[in-house]
Each structure stands twice: as C-alpha cells, then as structure tokens.
Amino acid sequence: EIPVLDDATAERIVALKQLDIQVPSDLDPIAAQVIFGDDRIWTDRKARLASVPTSSTAQHHADQFLEFHRSQAKSKEKSTGRFGVLRNGIQNFLRWFGPSRALKEISEGDVSGYFAHLMERLAKGGDGNSGNTLWDHFQVFKQFLDHAAEESPEIPLPKNLRSKKFKIPKTRREPNPFTKDEFELILTNSNERLQAHLMLMMNCGMYQGDVAELDAAEVDLTK
C-alpha cells in the first residue's frame, strides 16, 4: 500500500511553505508525518516563527547587507559584477536557511549544514553548481554573517565559521590572453586615455580598480 499524507500534515506543510520554510516536494509521506505530524511540535514551531520580529529575520539583515554593498557599487567602490555575486550568494543562502527565521538562531550546525548542502549540489552538477559558483556562495555567506554580527551584537558568530575543513574545490580556469596582433588592434581603435589605461594594465599588471585609484603623485613623468 502506497502511504499518503493525512490532511492535517498536508495543511501544516502548506503553511510552512507560506512561511518560506523549504519543504522538499518529493518528501516521503511517512517521513513528512514523522517531522510535521506531531501537534505539539508543530504548534511550538509555528509559535516561534510567528514571534520573530521583522527586524530580526534573516531577510531583514540580508536587505541591510545588500543595501550597503549596493551603495558601494553605485559609488564605484565595488564593481556591479561583484554586487551581482553578493546578491546571488545571499539569495541562495536565504532559500536554504529560511528568510523568516531569526538570524540570531544561526549555529555551528547551520554552518555545517549549509556547507553540506553546497557540496551535495557540487556532486549533482549542472547549471549553477560549479565549484567556482558554490565557492562564491560560501564566501558570501561568511561575509554576510560577519557584517550582520558587526551591525547587531545579538547575532553570534558560529565558532566553526572559519574552519579550514570547509573547502569547496574551485575549477581552474586557464588564461586566454590576447595575441599581440589582437592587442595592437584594440590600441589602434582606442582613444588616448584608454590607450594609457591599457598600457598600464599590460606593462604594470594593473586591474581596472588600480588604474582608477592611481594618484598623480605615484607617477614619475621624468622617466
């Protein structure tokens, strides 16, 4: 006989999803009833979630974190691309942790659990599950907790947050530099200012940010 969910458990799962709690759609009915079928456990969990002030939720702290970095991107202190990495990493963590949960509940078990979740995705493969992307997600997660703890003293930093055992292998990307002819073609079709920037990047190993922050006092025009 194929097990099915009883009506009460099904209603609780629907309510959990409305509270942004992740419940797998293919969860075995027997396991679902063990997890969600006890009235006392359900009542306690629902009451705890309902009692979380908006200012204490993970979503609220995530919004503050992103707003801080969005302002940096607008002022050119951080690239738009980097802000996109931060936003994607935050969204990924919130989907796993639950945006309505109080962030002060974060624990060492959550750090291990989130790492395990990312490693499962790495093993699964496919779009969005490369080592580089998942490594970015975990770094953003740690950066987010650092920021939240600085802004809100009631949020603890899990002791294992910097543990060296949490290593997500990155995929090595072989460089694909321009050929000499390609670079000369770019220079020929650039204005004088861009030519100066490109030459600094080629000869001095500078990035765009290094060129932008270069001060006149750091340049010796006599040599």
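**Entry 1: one phenylalanine**

I started at phenylalanine 144, which touches Ala58, His61, Ala62, Phe65, Ile90, Phe93 and Leu103, leaving out residues up to four places away in sequence. Contact here means heavy atoms within 4.5 Å.

A note on what I am reading: this is a predicted model, where local features need pLDDT of at least 70 and side-chain atom pairs count only at pLDDT 80 or more, while totals for chains, interfaces and linings use all residues. Residues are numbered from 1 along each chain as its sequence is written, and side-chain values use heavy atoms, with hydrogens and water left out.

**Entry 2: the whole chain**

I then stepped back and found 10 helices and zero strands in the protein chain. Helices (H or I, at least four residues) and strands (E, at least two) are DSSP runs, numbered from the N terminus. Of the 223 residues, 31% are buried, meaning under 20% relative accessible area with a 1.4 Å probe, protein chains only. Among contacts with a separation of 6 or more, 61% join residues 24 or more positions apart.

**Entry 3: the core**

Which residues touch the most other members of the largest nonpolar core? I found Ile90, Phe93, Leu103, Phe138, Phe141, Phe144 and Leu145, out of 28 residues. Such a core is a set of buried Ala, Val, Leu, Ile, Met, Phe, Trp, Tyr and Cys residues joined through side-chain atoms within 4.5 Å. Helices H4 (58–74), H5 (80–97), H6 (108–124) and H7 (131–151) each give at least two residues to this core. H7 supplies the largest share, seven residues.

**Entry 4: H4 against H7**

I looked at H4 and H7 next: their axes lie 10 Å apart at an angle of about 95°. Axes are lines fitted to C-alpha atoms, for helices over the stretch in contact, and angles run from 0 to 180 degrees between N-to-C directions. That makes H4 roughly perpendicular to H7, a label for 65 to 115 degrees. From H4, Ala58, His61, Ala62, Gln64, Phe65, Phe68 and His69 meet Gln143, Phe144, His147 and Ala148 of H7.

**Entry 5: H6 against H7**

Last, I checked H6 and H7, whose axes come within 10 Å and cross at roughly 165°. The two are therefore roughly antiparallel, the label for angles over 145 degrees. Val111, Tyr114, Phe115, Leu118, Arg121 and Leu122 of H6 make this contact with Gly131, Leu134, His137, Phe138 and Phe141 of H7.

Notes: Buried < 20%, exposed > 50% of the residue type's maximum accessible area, 1.4 Å probe, protein only. Parallel < 35°, antiparallel > 145°, perpendicular 65-115°, else oblique.
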